[in-house]
Amino acid sequence: MAIKNALLVDDSKVARFALSKLLESRDMHVNMAGSAEEALDFLDNNEHPDVIFMDHLMPGMNGVEATKAIKSNPNTASIPIIMCTSQKSSSFTKEAKNFGVYNILTKPTQPEGLGLVLEQLASDVKSGTLPLSPLSESGLDDLAVGTAESDSLEMSAEPSDLEAALNGKKASNTVPLTSDLIEQIARSAAHGQVNNNLHELLSSLFDEQFENLKRALDESRGKQESIIEERLGAMSAMLEERTRHLRDDVAAEVNLSLGRELADLKKDLSRNSGFTANHMAELKDHITSVQTIDTEFWQTLQSEAIQQAHEISRETAEDIAQRTIDLFVAQQRSASSRIYTVGLAVSLGVFSLGIAWLAGLFG
């Protein structure tokens, strides 16, 4: 499985920005959280990343406590955690790995060191050899208070042992508190406190400088955009002005050319506007031939019209006569039919009376 998604947990905006750029340059998708609490909330509500880059010292829940919470949760215990810290001792690295940290990345982060850590992580993930060390409560406590640098000191954390040492009694497996030892412990505690305070001050300073730099970049970008817009407007106006002049020049040239052509055409027409005697004679002959043709045409048309009128009159008269004859014949046929009907009726009546008389006679 390739390492493509990372969760970056750091309270410093500058540190988050710097490390995110290094990770994005390696084609990784980066989600960021400004505190350990925010990181735990992200893990509860989003898809789990392939790796977590955890800052060591943060206000509120520090990186050690956040790592303990992540490793104690079965849903997130398998996510490899790389702790980002300024401590470089071998004892710190050993104790960090004892409570579940995969590797240590020294601040400020260098591209070479980040590349080596990521390559080792990818190799272990591919081969399935990720270390699964159980949590060490003592290691967590030591890392949380910053006592890992004093790896030569071995003290009992039991109050009874401490009281016994203060009372001058020797207890088993304890170191007597000498003035050198107390001075050494005080220096270690002061050194840890100074480191914490210095880390907070540097983070605050870096954040302030980052905001100032971002504001300056935004202002510079705004000024550059306004300058570019101004220059583009000037270039557009200049182009419009040159285009307008060019349009006027082209229109003037076209008008001049058309004027010349019209003048030449006018001259040609003026030279050819008069008719000569030959032209007049040709025109007279043409008109005469046209009149002759028109006269012949009208005479022919008139004779044809008269002939068609005669034919139409004859056909109409014949049609009327035929209809009159047909009507007369029909009337004659109708009268004969009525006479025949009356005769038949009379015959039938006489026949009926005869039958009736005969019936009475022989009855």
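Lysine 21 and glutamate 24 join their side chains in a salt bridge, with 3.8 Å from N to O; the term requires a side-chain nitrogen of Lys or Arg within 4 Å of a carboxyl oxygen of Asp or Glu. The two residues stand three apart in helix α1, and are therefore separated by about one helical turn, helices (H or I, at least four residues) and strands (E, at least two) being DSSP runs numbered from the N terminus. Lysine 21 is partly exposed at 43% relative accessible area, and glutamate 24 is also partly exposed, at 40% (buried is under 20%, exposed over 50%, partly exposed in between, with a 1.4 Å probe and protein chains only).

## Basis of the model

This is a predicted model, in which local features need pLDDT of at least 70 and side-chain atom pairs count only at pLDDT 80 or more, while totals for chains, interfaces and linings use all residues. Residues are numbered from 1 along each chain as its sequence is written, and side-chain values use heavy atoms, leaving out hydrogens and water.

## Other salt bridges

The structure holds five salt bridges. One of them pairs lysine 107 with aspartate 55, whose closest N and O atoms are 2.8 Å apart; this pair links distant parts of the chain, with lysine 107 in the loop between β5 (103-106) and α5 and aspartate 55 in strand β3, 52 residues away. Lysine 107 is partly exposed at 21%, whereas aspartate 55 is buried at 2%. Asp10, Asp55 and Lys107 are linked in a network of salt bridges.
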